[in-house]
Amino acid sequence: MICLTLSSTTLRDAEEEIKRNREYIDLAELRVDLLAREEIRKAREFPKMVDVPLILTLRRKEDGGRSTFSEKERREILLYLLDGDFSYVDIEGDIKRGDVEQKARARGIRIIRSYHNFSSVPEDIYSKIYSLHQKGDIAKVAVKLNSFQDVLTLFKVEEELKGIEKIVIGMGEFGVPTRILYKKLGSMLTFASESEVAPGQLSARDLKTLYRADMVDDRTSIYGIIGNPVMHTSSPKIHNLGFQAIRFNAIYVPFLVDNIRLFFAFAEYMHLKGFSVTVPFKVDVLSYLGNITREVKQIGSCNTVVRVRGMWKGINTDYYGFIKPIEKELESGKIKSALVIGAGGASYAIVWALRNRGVKVVILNRTLSHAERIAKINICQYDSIDNASNYEGKVDLVVQTTSVGLYPHEDESPVPNFHFTGKEIAYDIIYKPRMTRFLKDASEKGCILHFGSEMLLDQGKLQFEAFSGYYYPSWVDPGL
Ligand code: ATR
């Protein structure tokens, strides 16, 4: 079930919040502690105002809520509100007095016993869940995940505590996979909010329509992307929309990773079928692969890993994603020489791809030794970025591969003084923003432009084929 946590201060607004999200949710949590004082007693009638089951929660400050009531007042309010037709009531695990509990039981309202930890995952998380379960109907733990080790701990909850009715949530960015794959944790629901009020929270709409989190079952194949950072990525759109279009029972999840070895342990534990790899792991993954393609071997980096016959196989689709948008120009012989700006992780595949097509390449970089390394592997020239103007009018293609110009630094270019003549093809691999300063400069001179979103989509399409064995559905536009 997908549960919307209501964040409104009035019941009218809470009702509207539900209406806006109605098609994405199965139930909602009324956070009475967020309501304005004069609204609190009226909340007893709220279940009559809406058509979804409700969880009644009056959260204390120490559990991340806003309630400033004394414990006595809080209990009185809960007792009063329990005359309303709520489906669940949340009672913190350490509450010993049984009056709220008794009333809930008498009214047929199910009891969620909760534990929150905003700083870490306690050592005894499994026994905590078990003892919460013994105190109520449903155990709920919401804990802050600080590492990928914590992610693994939470995903093992189901193995340790099978059959126990529970709600398990990992907070923070590391926790995102636990919110999406909540069914794999044996969690009866996942919480969504209308706007991301805390890191790691997802909208009900994304959970329902982008991830289809509630459709995950035993046969769902799990795919994902690893990176650090990773939450800005558009790859879940490409893959999840593709899977849905061809009715492929699979889900693609972003994983924030701080330890690649642990991620591989997780991938085996969860039987992942494949994953995309982004910064900074494209080289680190190589040590864990049992099989790599010729491109990965030559380029020296891998952006796609698939499970093949009990082994992890590494593929590189970046080079293809880069080439595909300029394929026509390459075929017609328009591109014979290129300037590649930048010598970071991304330029390995790009320089290799261009050299593989017989293009003469000069790499320009701030740090000369980085450019030299790539130039040596690919037998091409390199120079300092400060000498960019020496190449004005001398190349057919200029590729921007640095991180300069990336959102929110849209006004920056790594070569602000480079003058385009207008006959060059300009290609920026940054996709946020779509129109970078580099491309604007080129556009003003009338150059043909290629955008980072084209490369992203084309590398993703080939990756999709490696994952699913099917062509990417031509009618899908992930709207990058
Ligand atoms: P990676 O892609 O391996 O993670 P990165 O640190 O993101 O590497 O850098 C990618 C590219 O952007 C590199 O070519 C880097 O230049 P250096 O090799 O000299 O570090 C380039 N880059 C980053 N910031 C830059 C800046 N302010 N000016 C010019 N180039 C820059």
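This is a predicted model: local features need pLDDT of at least 70, side-chain atom pairs count only at pLDDT 80 or more; totals for chains, interfaces and linings use all residues.
**Cysteines.** When I searched the whole structure for disulfides, the search gave 0.

**Helix H1.** Next I asked which residues of helix H1, spanning residues 11-21, are buried. I listed Leu11, Ala14, Glu15, Glu17, Ile18 and Asn21. Looking down the axis of H1, I found that these buried residues fall within an arc of 155°, and therefore they line one face of the helix. On the face of H1 turned away from that buried side I found the exposed residues Arg12 and Lys19. I then checked what covers the buried residues of H1, and my list includes strand S1 (2-5), strand S2 (27-31) and strand S3 (54-57), together with helix H2 (37-40), helix H3 (46-49) and helix H10 (204-210).

**An open sheet.** Finally I followed a sheet of 6 strands, which is open, has mixed pairing and runs in the order S10-S9-S11-S13-S14-S12. Its edge strands are S10 (250-256) and S12 (291-292), each of which pairs on one side only. Within this sheet I looked at how strand S11 (residues 274-277) meets strand S13 (residues 304-308), and I noted that the two run antiparallel and are joined by 3 bridges. For Ser276 I wrote down Thr304 as the bridge partner in S13.

Conventions
Residues are numbered from 1 along each chain as its sequence is written. Side-chain values use heavy atoms; hydrogens and water are left out. A disulfide is a pair of cysteine sulfur atoms within 2.5 Å. Buried means under 20% relative accessible area, exposed over 50%, partly exposed in between (1.4 Å probe, protein chains only). Helices (H or I, at least four residues) and strands (E, at least two) are DSSP runs, numbered from the N terminus. The arc is that of the directions from the helix axis to the C-beta atoms. Contact means heavy atoms within 4.5 Å. Two strands pair if DSSP finds at least two bridges between them.
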